[in-house]
There are 2 protein chains.
Amino acid sequence: MNPFGEHIRKKREELKGKDPRFSVRKVAARIGVEPSYLSKVERGEQAPPSEEKIKSLAVELGEDEDILLALAGKVSTDLQEAIRRRPRLFADLIREIKDMPDHAVLRLVREVRDGNW
Amino acid sequence: MNPFGEHIRKKREELKGKDPRFSVRKVAARIGVEPSYLSKVERGEQAPPSEEKIKSLAVELGEDEDILLALAGKVSTDLQEAIRRRPRLFADLIREIKDMPDHAVLRLVREVRDGNW
DNA sequence: TTTTATGTGTAGTATATACTACACAGTACA
DNA sequence: TGTACTGTGTAGTATATACTACACATAAAA
């Protein structure tokens, strides 16, 4: 089990098939790390990188930042900050909906978005 | 600015006024740390302790866990895990409501709680 | 007045996090 | 056939996190 590494390796190799700019070395250079480090991260020999590097990786590979962070066992600092600003409110809300099925949460998100709130 | 330390010192001293079991040494012993460490944390000479210690401190002092964690700049792992399980869903929801006024979020929490969801 | 308890100062330690630097063998390309 | 580029192995480092151990002076209790 190394969801993060496997995921980005798969995606990177896929992109590399069509574009040589997606070699380990080139991607590593673009996100600002050593190639051997990225190689090890992809193979799970090293833990996932920092939030910052994960976010540039998401941009480079055209992946979703929040999903990549989740695969790395992290939560974006902007979300954490929102919770920390109003901990009671957000803790209650999250605990209330954490076991609800996807469709119910999705309905909630949509209702808040285009609604009279 | 050392919101965490100041907060717990104030609360502990308040309790100590009515009950000698709330000295630095006694509380430290109960939450399982060295007294000098707790002293330094309260005075902001040391960063706040781990999530685990903060939670026992909350129990000891009769304070809200989520609020204490927030003052320490942390977010409870159970909330983080809920987000990591369904990152897109939760990230969208949190970003959608993070700038809404308290009363609106509160209404949402209540509506979810005793509602038809 | 001895014992006991108080808060705090000094000086560390263990573990985790987030990487770098460099070398090396194999492959592709000119 | 040399040059360039590939992925990866080895061996580190810097900084942060989360504390411990012990000593010491002052104050309260016996």
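Student: How many salt bridges does a search of the whole structure find over all chains?

Tutor: The search turns up 30 salt bridges over all chains. Keep in mind that this is a predicted model, where local features need pLDDT of at least 70, side-chain atom pairs count only at pLDDT 80 or more, and totals for chains, interfaces and linings use all residues. Side-chain values use heavy atoms, leaving out hydrogens and water, while residues are numbered from 1 along each chain as its sequence is written, and chains are lettered from A and ligands numbered from 1 in the order in which they are written.

Student: What makes A:R86 and B:D102 a salt bridge?

Tutor: The rule asks for a side-chain nitrogen of Lys or Arg within 4 Å of a carboxyl oxygen of Asp or Glu. Here the closest N and O atoms are 2.7 Å apart, so the pair counts.

Student: Why do we say that the pair joins two chains?

Tutor: A:R86 sits in the loop between helix 6 (77-85) and helix 7 (87-97) of chain A, and B:D102 belongs to helix 8 (residues 102-113) of chain B, so two chains are joined. Helices here are DSSP runs (H or I, at least four residues), numbered from the N terminus.

Student: Why are helix 1 and helix 4 of chain B called roughly parallel?

Tutor: Helix 1 (residues 3-18) and helix 4 (residues 51-61) of chain B pack at about 30°, with axes 11 Å apart. Angles under 35 degrees count as roughly parallel, over 145 as roughly antiparallel, 65 to 115 as roughly perpendicular and the rest as oblique. So these two helices are roughly parallel.

Student: Which residues meet there?

Tutor: B:F4, B:I8, B:K11, B:R12 and B:L15 of helix 1 of chain B meet B:I54, B:L57 and B:L61 of helix 4 of chain B, where contact means heavy atoms within 4.5 Å. They divide into six nonpolar, no polar and two charged.

Student: How do you know that the two copies are related as by a two-fold rotation axis?

Tutor: Chain A can be laid on chain B by a turn of 180° and a shift of 0.0 Å along the axis, with an RMSD of 0.0 Å. The copies are thus related as by a two-fold rotation axis. In chain A, A:Q80 comes closest to that axis, at 4.1 Å (C-alpha).

Technical notes:
Axes fitted to C-alpha atoms, helices over the stretch in contact; angles between N-to-C directions. Nonpolar A, V, L, I, M, F, W, Y, C, P; charged D, E, K, R; others polar. Least-squares fit on C-alpha atoms with pLDDT ≥ 70 in both.
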